[in-house]
Amino acid sequence: MHLKVTGATRRPLFRGVTFELDDDDGPSVLTVMGPSGSGKTTLVKCLAGLEPFDAGMIALDGKTMVEWGMANWRAHVLYVPQRPPLLRMTGLEFWKQVTQEFASQRARSAEHGDPIEVADAWDIGHHLWHRPLAQLSGGEAQRIMLAIGVALNPAVLLLDEPTSALDATSTQRVEDTLRTRSCIWITHSKEQAARVGACALDLAACRVDAGPAALVDVEVPPSDTSE
Ligand SMILES: Nc1ncnc2c1ncn2[C@@H]1O[C@H](COP(=O)(O)OP(=O)(O)OP(=O)(O)O)[C@@H](O)[C@H]1O
């Protein structure tokens, strides 16, 4: 997997966002930071093809969104929202619906995993998959949505504050799983960025009104959690 983003711009929020992500040496995580309202969610929705960029280039394995086709692109570069859609359906029904949609995409090759197994490691009991998503707690719903994202095995997971509703223990378990995947990960926590990301993008440095120097890539040293 090689994701290349060059000069991505969405006015009036950000411009010149440029980075590359690849898994040549194993899964890699890019964290996206920046003040509230700076456009982090908008950026990842643009990367997912759910919203348009005003300018810039984005390619996965050398092919643009148009060349992949939108449905294929979204299956490979998968956005996991912070909250589930307000649905009456259960987590299991949602999983079945998503996998049926993905089954029609011919270019997709990755095998699906088992989201119930993924979530089991995060203390989500099987019975919760049979409850309407709208009746779950914020933290339960968040883990079910994340487990579905992980089980779909995309090339890149786009994560919007994936542990915002979780306690410290659940956060650690979820981080342990997610850092084994290639992710673009929105977080407000520098500590979390240091734990999970080898590289961080500071969206505040890409503000449209920030002057000519638009882009800064901030290296975050990988942390050693064993200490
Ligand atoms: N659908 C929309 N229509 C109009 N404005 C929007 C829409 N979605 C987001 N915005 C605006 O765009 C700006 C950036 O929003 P975005 O959610 O991308 O920020 P963010 O950096 O993710 O914020 P937070 O850290 O608070 O989640 C905000 O001012 C927001 O109000």
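**Exercise 1.** In what order do the four strands of the open sheet stand, and is the pairing parallel or antiparallel?

*Solution.* Before we start, note that this is a predicted model, where local features need pLDDT of at least 70, side-chain atom pairs count only at pLDDT 80 or more, and totals for chains, interfaces and linings use all residues. Residues are numbered from 1 along each chain as its sequence is written, and side-chain values use heavy atoms, with hydrogens and water left out.

Step 1: The order is E2-E1-E4-E5, and the pairing is antiparallel. Strands (E, at least two residues) and helices (H or I, at least four) are DSSP runs numbered from the N terminus, and two strands pair if DSSP finds at least two bridges between them.

Step 2: Look for the edges, which are E2 (14-22) and E5 (63-64), each pairing on one side only.

Step 3: Two bridges connect E4 (residues 55-60) with E5; Ala59 has Thr64 in E5 as its bridge partner.

**Exercise 2.** Which strands are joined to E7 by four bridges?

*Solution.* Step 1: Strand E6 (residues 77-80) runs parallel to E7 and is joined to it by four bridges; here Val77 faces Val156.

Step 2: Strand E8 (residues 183-186) is also parallel to E7, again with four bridges, and Cys183 is the bridge partner of Leu157.

Step 3: Now check the cover of E7 (residues 156-160): five of its five residues are buried, meaning under 20% relative accessible area (1.4 Å probe, protein chains only). Val156, Leu158 and Asp160 lie on one side, with Leu157 and Leu159 on the other. In a regular strand, side chains alternate between the two faces of the sheet.

**Exercise 3.** Which residues surround the ligand, and where are polar side-chain atoms of Lys40 and His188?

*Solution.* Step 1: The shell (heavy atoms within 4 Å) holds Leu13, Pro35, Ser36, Gly37, Ser38, Gly39, Lys40, Thr41, Thr42, Glu161 and His188.

Step 2: Lys40 places a polar side-chain atom 2.7 Å from a ligand oxygen, while for His188 the distance is 2.9 Å. Both are polar contacts, that is, pairs of N or O atoms within 3.5 Å.

**Exercise 4.** Is Thr42 buried or exposed, and which residues does Thr42 touch?

*Solution.* Step 1: Find Thr42 in helix H1 (residues 40-47).

Step 2: Thr42 is buried because its relative accessible area is 17%.

Step 3: Leaving out residues up to four places away in sequence, Thr42 touches Arg10, Leu13, Phe14 and Glu51, with contact meaning heavy atoms within 4.5 Å.

Technical notes
Buried means under 20% relative accessible area, exposed over 50%, partly exposed in between (1.4 Å probe, protein chains only). A polar contact is a pair of N or O atoms within 3.5 Å; within protein, one must be able to donate a hydrogen and the other to accept it, and residues adjacent in sequence count only if both atoms are side-chain atoms.
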